[in-house]
Amino acid sequence: MKRSSPNEAPSEIPTDRDARRSLGYAALLGIGVMAAIDEIVFHQLLQWHHFFDRATPTIGIVSDGLLHAGELLALVIGTFLLLDLARQRRLAMRLAWTGVLFGMGGFQLFDGIVSHKLLRIHQIRYDVDLLAYDLAWNLSAIALLLLGAWLLRRTRQLRRH
Amino acid sequence: MPGSHGLGVDASSLALLPLVAIAALTLAYLVSARHQRHVGSGWSGWRCAFFVGGSLLLAAALAPPTLTWAHHDLRGHMAQHLAIGMLAPLAWVLAAPVTLALKTLPTGAARHLVAVLQSPPLRAVSHPITALLLNVGGMYLLYLTPLFAATQQGSTLHAWMHLHFLLAGYLFCWAILAGPDSAPHGHGLRLRLGVLFVSMAAHAILGKLMYGYLWPRGTGHDVEEIQAAAMLMYYGGDLAEALLAIALMVMWWRLPRQRREALPLLP
């Protein structure tokens with residue numbers, strides 16, 4: 001196997017474009033990571049979520065399938081895009097962390113509001129009072145988003161000084 | 001022991017035919033690779049490993065004990081499907097057998113092979129969208145109609161089903177990766193990723209439909225078995241398609257920057 005050294009770009013100062021890319025690619029990764037956590041923890045380990053129940057409307061199955069495909073691709077493509085930025089030494093690390101938090105929080109909130117409540121693909125848990133679970137789910141999503149926003153503000157402040 | 005239940009699967013010489021064919025193909029690949037390494041321009045050991053890995057998966061999926069298992073248990077059939085239709089074809093495509101054949105065959109025969117590869121029928125079936133329809137479309141047709149029950153009755157139809165899994169899976173992996181063998185089509189990365197996205201979604205939807213509405217019907221499998229098989233299809237399909245996506249991105253990553261397509265997701 002050939003080494004990929006001709007691919008290496010000379011080290012340059014990251015530009016605004018690199019900053020946007022670091023944020024955006026990392027958000028893709030964050031979406032995929034949150035989806036994977038959801039799949040592993042709530043479906044496999046706790047078995048709270050139902051894989052499928054007859055109450056799910058057809059549109060729910062279809063949108064869930066599309067979402068599932070999007071998550072998997074986001075995880076794979078996000079990872080490679082970030083690796084590629086890092087190889088060119090153009091990865092803005094703090095912004096990448098911000099992007100991961102935004103991706104995770106955004107996905108969690110989308111899942112909590114659209115998948116669980118609007119499309120009703122499945123619920124967090126069955127045969128329990130859902131209110132506390134829904135609140136915890138969506139508040140944790142908001143917490144991730146706020147943490148991301150805080151990190152973004154700090155990064156901006158640091159760049160100004 | 002296999003055969004003692006007499007479930008319609010006979011470990012006769014006919015059932016061993018696919019195994020002999022796989023062994024012959026593998027031997028031909030390895031002899032050609034050895035030839036290239038000694039007198040030709042070399043051949044990657046990784047590719048040999050991919051080919052042998054694919055062959056072993058296929059052989060395991062088509063060995064008489066697996067056939068017996070698959071015949072009475074739908075989970076067995078699904079494991080078989082995963083190996084024959086998704087994992088083994090990916091490994092074989094990554095082994096670049098067409099390139100090896102073109103390097104090894106005498107000029108006349110190699111020209112013939114190129115002509116076949118560029119013939120209209122082959123170009124038609126190897127388009128990413130055609131390959132998608134043949135692959136996932138074939139699965140919808142098989143599992144959501146009485147076709148699957150029919151394959152359990154006749155051994156000819158059953159053999160065709162496996163051959164279709166393998167060929168459609170190979171075409172699909174090749175169409176998506178468009179390499180390492182140069183593909184009859186040179187479609188852009190965006191189209192190929194889009195088709196892969198549709199395939200992943202269609203696979204996931206099919207798994208849930210089978211789980212919820214208990215397809216395939218008319219085969220005498222009980223509810224739990226069908227649901228376990230559908231979940232195996234869902235997660236196994238995820239694994240195989242994630243591997244395909246990873247292979248695609250690794251190939252993208254290894255291309256020199258000037259020759260590679262950007263993924264214009266962001267300005």
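Residues are numbered from 1 along each chain as its sequence is written, and chains are lettered from A, with ligands numbered from 1, in the order in which they are written.

**Chain A as a whole**

- Chain A has four helices and zero strands, where helices (H or I, at least four residues) and strands (E, at least two) are DSSP runs numbered from the N terminus.
- Along the sequence, that gives chain A the pattern α-α-α-α.
- Of the 161 residues in chain A, 34% count as buried; a residue is buried if 20 or more other C-beta atoms lie within 10 Å of its own, exposed if 12 or fewer, and partly exposed in between, with C-beta atoms placed from the backbone.
- Take the contacts in chain A between residues at least 6 apart in sequence: 87% of them join residues at least 24 apart. Two residues are in contact if their C-beta atoms, placed from the backbone, lie within 7 Å.
- Arg154(A) counts as exposed because it has 12 C-beta neighbours inside 10 Å.
- From C-alpha to C-alpha, Arg154(A) is 20 Å from Tyr25(A) in space, and the two are 129 residues apart in sequence.

- The average pLDDT of chain A is 84, and 89% of the residues score at least 70; pLDDT is the predictor's confidence in each residue, from 0 to 100.
- Over residues 1–11 of chain A, pLDDT stays under 50, and the model has 10 contacts beyond four places in sequence for this stretch.
- Where pLDDT is low, the predicted coordinates should not be read in detail.

**Where the two chains meet**

**Helices packing in chain B**

- Helix H1 (residues 13–38) and helix H5 (residues 97–104) of chain B pack at an angle of about 60°, with their axes 10 Å apart. Axes are lines fitted to C-alpha atoms, for helices over the stretch in contact, and angles run from 0 to 180 degrees between N-to-C directions.
- H1(B) and H5(B) are therefore oblique to each other; angles under 35 degrees count as roughly parallel, over 145 as roughly antiparallel, 65 to 115 as roughly perpendicular and the rest as oblique.
- Residues making this contact include Tyr29(B) and His35(B) of H1(B), and Leu100(B) and Lys103(B) of H5(B).
- The contact of H1(B) with H5(B) has four nonpolar, four polar and one charged residues.
- Helix H8 (residues 128–143) of chain B and H10(B) cross at roughly 145°, and their axes come within 8 Å.
- Among the residues that meet there are Leu132(B) and Gly138(B) in H8(B), and Phe172(B) and Ile176(B) in H10(B).
- The contact of H8(B) with H10(B) divides into 11 nonpolar, four polar and no charged residues.

**Backbone details in chain B**

- Most residues other than glycine have a negative phi, and most peptide bonds are trans.
- Gly179(B) and Pro180(B) are joined by a cis peptide bond, with omega about -5°. Pro180(B) is in the loop between helix H10 (155–177) and helix H11 (189–213) of chain B.
- Ala178(B) is found in the loop between H10 and H11 of chain B. Its phi is near 50°, a positive value in a residue other than glycine, and Ala178(B) is buried, with 21 other C-beta atoms within 10 Å.
- Another cis peptide bond joins Trp215(B) and Pro216(B), with omega about -10°. Pro216(B) lies in the loop between H11 and helix H12 (223–254) of chain B.
- Ala96(B) has a positive phi of about 50° although it is not a glycine, and this residue lies in the loop between helix H4 (74–94) and H5 of chain B.

How values were computed:
This is a predicted model: local features need pLDDT of at least 70, side-chain atom pairs count only at pLDDT 80 or more; totals for chains, interfaces and linings use all residues. Ala, Val, Leu, Ile, Met, Phe, Trp, Tyr, Cys and Pro count as nonpolar, Asp, Glu, Lys and Arg as charged, and the others, Gly among them, as polar.
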